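Here is a short briefing for a first look. Start with the sequence and the model, then read the points below.

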Amino acid sequence: MELIATATFGLEAVVKRELIDLGYTILRSEDAKITFEGDEEAIVRTNIWLRCADRVFVKMGEFRAETFTDLFEGVKSLPWEKWIPEDGRIIVNGTSVKSKLFSISDCQKIMKKAIIERLKASYPRDYFPETGPVYNIKMTLLKDVATITIDTSGSGLHKRGYRKADVAAPIKETLAAAMIKLSFWKPGRVLVDPFCGSGTIPIEAAMIGKNIAPGLSRSFISETWPRIEPSLWKKVRAEAFKAIDNDVKLEIYGYDIDPKAISAARVNAVEVGLSDEISFRRAAAKDLEIEEKFSIIITNPPYGERIGEKDEIQKIYKDLNRIMSSDDTKSLYLITADKSFEKAMRFKKCDRRRKLYNGRIETAYYQYYGRKPE
Ligand SMILES: C[S@@+](CC[C@H](N)C(=O)[O-])C[C@H]1O[C@@H](n2cnc3c(N)ncnc32)[C@H](O)[C@@H]1O
């Protein structure tokens, strides 16, 4: 069947690479969605292993829908009985862009009616109690073409389950993982986040370093579906446990000026069982010295948007310039919405810049490559 992994704009190539590494064939990669081929096991495996995708969907079908009749007939023709049991709870949602059908509430009603009509042919009953597993069905109408999917993830894949303590403006776990994947960091090199907040970047790096599957400690909505055997979840989880590299040595450091952030980061690292792998300490950027050669700095500093922060970030950029100028072996990977960053840091021109989104905020990911280790 066709499955779809959705991703934040700008991360399609990273998610595509993750899917290829998991052994799946990519059918299409478009804005924010990657379609690939898979079976029930692929649903389980991708939910448990994808670090940078938002959600995984089953693609039920795609057809032209210019009228409500088209929509009704199109939805009714799809094999819902293969997925939804007699007591399944059906929730329909949708979006419409540049299409003749634009009333989402009407589309929702029509779709639900069509699904029930279809199920009546398989289950000989008039009333469906909807007391069982949940099926979130999504219609995406774009230029009169309806794509119908079922969400297999439930809560977004960024919810790994370890974030028990928060700070203001935490970065999404999926984006933090992508920042690491887009860098040259690997175990054996020192990784530093001087503005670590709740510790997301160091924790995601440690999980990558130890090959810990990001979805190992959480549940997924499709785990309640009768179509996917519980033994499949058990098998893939057991394999993921086995795949953890307990011997790898990591040197990962997180610093922050705020003691509350450092306590939050420590709580989160304990939650994911990585407190021995990461050192979190309170330090202001102005006092930070990174002595280890070939260190990699991956960070998400304040963007300078709050009142009083403008002057503060100028000082931060000066500190980063000092750290980066101390030798030519250090690399810096920094995400910010501050368009003046590159000039304000007064360092060399970045080697690469990528447009990414941190939630709804447009940001850029600046990459400065240090000298390569011999
Ligand atoms: C955008 S937040 C980082 C969020 C983090 N990535 C997370 O996921 O929680 C920026 C952090 O920089 C810290 N910070 C601000 N000024 C600092 C300074 N001069 N030195 C060190 N940390 C600073 C703040 O306390 C805040 O936690």
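The side chain of Ser-99 reaches the backbone nitrogen of Asp-144 at 2.9 Å. That is a polar contact: a pair of N or O atoms within 3.5 Å, where within protein one must be able to donate a hydrogen and the other to accept it, and residues adjacent in sequence count only if both atoms are side-chain atoms. This is a predicted model, in which local features need pLDDT of at least 70, side-chain atom pairs count only at pLDDT 80 or more, and totals for chains, interfaces and linings use all residues. Residues are numbered from 1 along each chain as its sequence is written, and side-chain values use heavy atoms, with hydrogens and water left out.

**Ser-99 and Ile-104**

- The side chain of Ser-99 also reaches the backbone nitrogen of Lys-143, at 3.2 Å.
- Ser-99 sits in the loop between strand E5 (89-97) and H4. Helices (H or I, at least four residues) and strands (E, at least two) are DSSP runs, numbered from the N terminus.
- Ser-99 has a relative accessible area of 15%, so it is buried. Buried means under 20% relative accessible area, exposed over 50%, and partly exposed in between (1.4 Å probe, protein chains only).
- Ile-104 belongs to helix H4. Its relative accessibility is 23%, so Ile-104 counts as partly exposed.
- Ile-104 and Asn-93 are 11 residues apart along the chain, and their C-alpha atoms are separated by 7.7 Å.

**The largest nonpolar core**

- This core has 97 residues; Leu-71, Trp-80, Ile-137, Ile-148 and Ile-298 touch the most other members. A nonpolar core is a set of buried Ala, Val, Leu, Ile, Met, Phe, Trp, Tyr and Cys residues joined through side-chain atoms within 4.5 Å.
- Helix H4 (residues 104-122) gives the most to this core, with 7 residues.
- The core lies between domain 1 (2-151) and domain 2 (173-213 + 239-368), because both give residues to it. Domain bounds come from an automatic or database domain assignment.

**The ligand**

- There are 21 residues around the ligand, and Ile-171, Ser-198, Thr-200, Asp-256 and Ala-285 come nearest. A residue counts as near if one of its heavy atoms lies within 4 Å.
- An N or O atom in the side chain of Thr-200 is 2.6 Å from an oxygen atom of the ligand. For the side chain of Ser-198, the distance from an N or O atom to a ligand oxygen is 2.7 Å.
- A polar backbone atom of Ile-257 is 3.2 Å from a nitrogen atom of the ligand.
- The protein buries 89% of the 610 Å² that the ligand exposes when taken alone. Accessible areas come from the Shrake-Rupley method with a 1.4 Å probe; for residues, only the protein chains shown count as cover.
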